[in-house]
Amino acid sequence: MAGDAPVTPHKESLPKDPYQPTTAVEAAARGAAGLRGAPTPSEVIAGLRATSNAEDLIQLLSPEGTFTPRDDFPIEVTAELLRGLYRDMVLVRRFDREGNALQRQGQLSIWVPLLGQEAAQIGAGRAMRRTDMAFPSYREHGVAWCRGIDPTLLLGIFRGTDMGSWDPVEHKFHPYTIVIGNQVLNAAGYAMGQKFDGKVGDDEGEATMCFFGDGATSQGDVHEGFVWAAVYDAPLVFFCQNNQWAISEPTERQSRLPLYQRARGYGFPGIRVDGNDVLACLAVSRWALDECRHGNGPVLIEAFTYRMDAHTTTDDPTRYRLSDELEEWKLKDPIERVRAYLACNGYADHDFFDSVQADADSFAADLREYTFNMPEPPPERIFSNVYAEGNPVLDAQREEFLSYLDGFVSAGEH
Ligand SMILES: Cc1ncc(C[n+]2csc(CCOP(=O)(O)OP(=O)(O)O)c2C)c(N)n1
Ligand SMILES: [Mg+2]
C-alpha cells in the first residue's frame, strides 16, 4: 500500500529560519519579535498561556456555545454527532467523579481525575478508527471509553489489584503507563512498525496516537520519540494534553515556548487546539490522523486545557495554585458549551438531557456495585502475558507456584 512516499508538502513549507517567530504568541513568548534576547518571565507566561489568539488556537465552539466553522478544519456538525459527543463527555465525567468518590470511601487506593479534560480525550478518541493504535498515560479514561474498554477494567488498576486486563491488541489501546513519557517511545516504535509493514500511504492507512502531558515534554523519552518518529516519517500523532500543571509544576517550568512550537525543531507540524472544545479536538485530530495515514506524519497536537481537580487524590492543589484560576476555567467547561449549543439550536430538548442524566445515574450505580464486589484476580495471573509465546522456565515456575498454592489451600483446610 505504502509505495515510495514523495517528499511531504508540510515539510517543504516549514519556515526556513527556525529562529524567526511565525506567530504572535511565539513573538510574545520570545520577546518583542525575537529582536531581544531572553523573554521576561511575564512574557513567557503570557505566551504560554495565551488562548485568545485565533491564529494560534484552533477553536470551533466558543465557551458560550457559538460555532464558527473553519475551512482548514472542516467538520459536518449534525445533531447526532453533537449529542453523541455530549453523552460521551457526561458519562466519562460521571465515571471520573465516581472514581474519585470511591477512593474517598476507601474502595480504591488512588484516583487520577480527568475533570476538565473530557473534550480533549473524547475529541481525540472519537477521531481514531478501530485500526488505529492508542498509547495512553494514566489519565486517559475518556480515550479508553472511546476504544471500547469496559470502564470497570480501569478500576482494578486504581484499587491496586490489577495492571489493566483488557486485550491491548483487540482494543488497540496499550496498558496505562505511569512512567512519565515512556509510552512515547513505545508509540514511536509501533508507528515505525506500521510504516515498515506498508500500512501507511493512502486513505485506508493506519495511524497511532500517543497521549502525554505538558510535564512529560521535559522527559528525554519524549525527545527521543520525537526524533525517531520524525526521521522515519512515522504515522504518529503526538497528543499532548497541556493541562498547565505537572503535579505542582506549572507549564512555565517546562518550556520557554508554547509546547506545540517544539515540533518545528524536529521537522514536523505542531498545532495548538482549544482542548476544551470537543469539535475542534475532533476536527484537528481527524486531520492529523489523516496526515499520518497518508504518510505525512508525524504531527504534534497541543490540546490546551486545564486540570480542574487535583493531580491525584494524594495531591492538594490549594498548596500551589489560586482558586481564581479554577474559577476562570469553570467558565470554559467543555461540557457546558456543547449543552448550550445543543439547546440553543434546537438539537436537543429536556427529554434528551434527562435521558443522558438517567444513563449516567445508572452507570454510576453499576460502577459502585462492581467496585464494592470487585473480584480479586487469581495470584497466578502474574504469569499471564509475560511473553508473547510460551516459555519453559516460566511454565515450570507457574506449575511450581500452582502446587504451592494447592498446598497452601489444603493446609488452611485442616
Ligand atoms: C519518570 C517519572 N518521573 C516522575 C514521575 C512522578 N510523576 C507522576 S505524574 C507526574 C507529573 C506529570 O505531569 P504531566 O506530564 O503534565 O501529566 P498530567 O499528570 O498533568 O496529566 C510526575 C512528575 C513518574 N511517574 N515518572
Ligand atoms: Mg499536566
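**Exercise 1.** Determine which residues Leu60 touches, not counting residues up to four places away in sequence.

*Solution.* Step 1: two residues are in contact if their C-beta atoms, placed from the backbone, lie within 7 Å. By this criterion Leu60 touches Phe67, Thr68, Pro69, Arg70, Ile75, Asp277, Leu279, Ala280 and Ala283. The model is a predicted one, in which local features need pLDDT of at least 70, side-chain atom pairs count only at pLDDT 80 or more, and totals for chains, interfaces and linings use all residues. Residues are numbered from 1 along each chain as its sequence is written, while chains are lettered from A and ligands numbered from 1 in the order in which they are written.

Step 1: locate the residue. Leu60 lies in the loop between strand E1 (57–58) and helix H4 (79–104); helices (H or I, at least four residues) and strands (E, at least two) are DSSP runs, numbered from the N terminus.

Step 2: consider one pair. Leu60 and Arg70 are separated by 10 residues in sequence and by 7.3 Å in space, from C-alpha to C-alpha.

**Exercise 2.** Decide whether Leu60, Lys172 and Ile247 are buried, partly exposed or exposed.

*Solution.* Step 1: a residue is buried if 20 or more other C-beta atoms lie within 10 Å of its own, exposed if 12 or fewer, and partly exposed in between, with C-beta atoms placed from the backbone.

Step 1: apply the cut-offs. Leu60 has 23 other C-beta atoms within 10 Å and is therefore buried. Lys172 has 21 C-beta neighbours inside 10 Å, so Lys172 also counts as buried. Ile247, with 14 other C-beta atoms within 10 Å, is partly exposed.

**Exercise 3.** Describe the backbone at Lys172, Ile247 and Pro298.

*Solution.* Step 1: most residues other than glycine have a negative phi, and most peptide bonds are trans.

Step 1: Lys172, not a glycine, has a positive phi of about 55 degrees and is found in the loop between helix H8 (168–171) and helix H9 (182–196). Ile247, likewise not a glycine, has a positive phi of about 50 degrees.

Step 2: a cis peptide bond, with omega about 0 degrees, joins Gly297 and Pro298. Pro298 belongs to the loop between helix H12 (278–293) and strand E8 (299–304).

**Exercise 4.** How many of the 16 residues of H12 are buried?

*Solution.* The count is 14 of the 16, so H12 is largely enclosed by the rest of the structure. Just after H12, Gly295 takes a positive phi of about 95 degrees.
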